[in-house]
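Try each task before you read its solution.

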Amino acid sequence: MDSSFRTPEQDQQFNKAWEVLKQLADNSQSDRILDYFDAEPDRLEKMTASCADLRLDYSRSAMSLKVRDQLLTLLEHSGLDTARKAMFGGELLNNTEQRAVLHAALRRSAGPTASGLEDISSEVEAALNKMSKVVERLHSGEWTGHDGQSITDVVSIGIGGSFLGPEVVVEALRPDWHPRIRVHFVANVDAADILNTLEDLSPSTTLFIVQSKSFTTQETLTNALTARAWFLGDPAVAALDDTAEALRRHFIAVSSNVEKAQAFGIDAGNILPMWDWVGGRYSLWSAIGLPIACQIGMPLFRKLLQGAEHMDEHFLTSPLEKNLPALLAVIGIWYNNFRNIGNYAIIPYDQGLNDLAAHLQQVDMESNGKSVQRDGKPVFSQTGTIVWGGAGTNGQHAYHQLIHQGTRVVPVDFILPLRSRQVGRPLAERIGIEQIQKHHRMLISNCLAQSQAMLTGKSLDQALQECLDAGMSKTEATQLAPHKVIQGNKPSTTITIPEVDAFTVGQLIAMYEQRIFVQGVIWNLNSFDQWGVELGKQMCSSILPLLEGGSDSGALNLDPSTAQLVDAARAANS
Ligand code: F6P
């Protein structure tokens, strides 16, 4: 199995740069970010970079310019050039499954990045055309159900990468929704998920898209069977002579496993393709993005691809000191490997991007949560990062307390759309545009206030004075003031976009995908497999029969705690 993207010479330089960074970290533990601004007059300019109108300001990172430069030296020797070429050239980067990693080819309008990939380009275009046909028929009302009524509701059934990416994009682009079509998502095997969704729908006007690259995922297949039972259980459907034709009108699939999808009962003509060279968590750009296209239309789906392609071009061609994915990657490496901070929060000040953190959690943690390098040898440092977050301002009334006063450091990526698209929504006119603008001004000022509070904090003197100004006695003020102290010096970056539209959402997601790729190169990981999720799946398939009345839990060699819990579950359901 191939080892590293680094040549032995690069490896040497890389290790040297790593050692220098360790020293810089030791020497900068007590530095204050605010002092960097004084000592480095060009800091703001040097720590700002952009890709079209998407702008990254990382001047409030907990690193001097010297550290930043040293991180870029590390990156220069990381083998990134070779790795990037290998990825965009279609090499088998996923070396444990012998698969290429070509999600970038899905959003490439300018033809293949390497010769030999022409077939892939034409397959991608053919799949996009197939998506277009589905979407056109849906939007025109021509796609009718078993009783001739037009489809109004699309239920996407899928989990992990076959759910999270499409869901966040659909939610983000609500102002672009087709007025008559409503897309719903079902992921969890908890029956509540599908029942909650089906409760309000009518079988005559609902189309199901079963989304599964492998078509073997337990949760998805179970939900798809439940959907089919719901559909076939409708008296009007049950009374039909030709249920096969009815199923054809109401069930389609996206999968790379055509055989399995057909065996499940999906008509061959209703299966849109996926390929083994697209990882599940990177698949929203493929036909797995069909729910997005159903909701916002194909022209905007193509705009999403263009935004991502624009970021890929930037990633391939910009110098490292202005390269957004590269910069975000090394900022994360600094915190993770040199400052012992193993998490970061993604906090978009946009309700539609509320689930962005959930999507990037999968992309980051499933890609880089690894303990061995590409050649199977143990990793040389911490890998992966705990990703979490949610929409501002909600988090301010929940977890921001810990960010401001807790003992742990949480670097935050603030994502701020400068303009609101909510003003364009029909309801906004009725309420008054000024009122809706006011919401957005509040959103912006809250975002700016949070990052500033993280940076500057509040000293004991300030807290004391504040208490005295509020009319407290000196004793009272002295007692309360320590509780009001905010350490400050908490790092953050701010990413601004003009507004949330298909292009900027494409840019944002591609930026994080490439960030995660760069970190994988630095850690020398295969970021494109996910063997860690398999053991749980295997164990689940042996525990399930026990709950279905299977005999003896002893035969399975369960640990005592699991055995006891199995017995309790059996007793509760007997
Ligand atoms: O269990 C993890 C995983 O394999 C993810 O990588 C993937 O996105 C998800 O399951 C769904 O897989 P599929 O699309 O094959 O149903």
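The exercises below go from the ligand to a helix and then to the backbone.

Before you start, note that this is a predicted model, where local features need pLDDT of at least 70, side-chain atom pairs count only at pLDDT 80 or more, and totals for chains, interfaces and linings use all residues. Residues are numbered from 1 along each chain as its sequence is written, and side-chain values use heavy atoms, with hydrogens and water left out.

**Exercise 1. The ligand shell**

Find the residues that come nearest to the ligand, and sort the shell by residue class.

Step 1. Around the ligand there are 14 residues, of which Gly161, Ser162, Ser212, Ser214 and Thr217 come nearest; a residue counts as near if one of its heavy atoms lies within 4 Å.

Step 2. By class, the shell holds two nonpolar, nine polar and three charged residues. Here Ala, Val, Leu, Ile, Met, Phe, Trp, Tyr, Cys and Pro count as nonpolar, Asp, Glu, Lys and Arg as charged, and the others, Gly among them, as polar.

**Exercise 2. Ligand oxygens**

Step 1. In the side chain of threonine 217, an N or O atom is 2.5 Å from a ligand oxygen.

Step 2. For lysine 213, a polar backbone atom lies 2.8 Å from an oxygen of the ligand.

Step 3. With lysine 537, the distance from a ligand oxygen to a side-chain N or O atom is 3.1 Å.

Step 4. Of the 400 Å² of accessible area that the ligand has on its own, the protein covers 87% (Shrake-Rupley method, 1.4 Å probe).

**Exercise 3. A cis bond**

Locate the cis peptide bond between glycine 392 and threonine 393.

Step 1. Omega of this bond is near 10°.

Step 2. Threonine 393 sits in the loop between strand 9 (386-389) and helix 17 (400-405).

Notes: A polar contact is a pair of N or O atoms within 3.5 Å; within protein, one must be able to donate a hydrogen and the other to accept it, and residues adjacent in sequence count only if both atoms are side-chain atoms. Helices (H or I, at least four residues) and strands (E, at least two) are DSSP runs, numbered from the N terminus.
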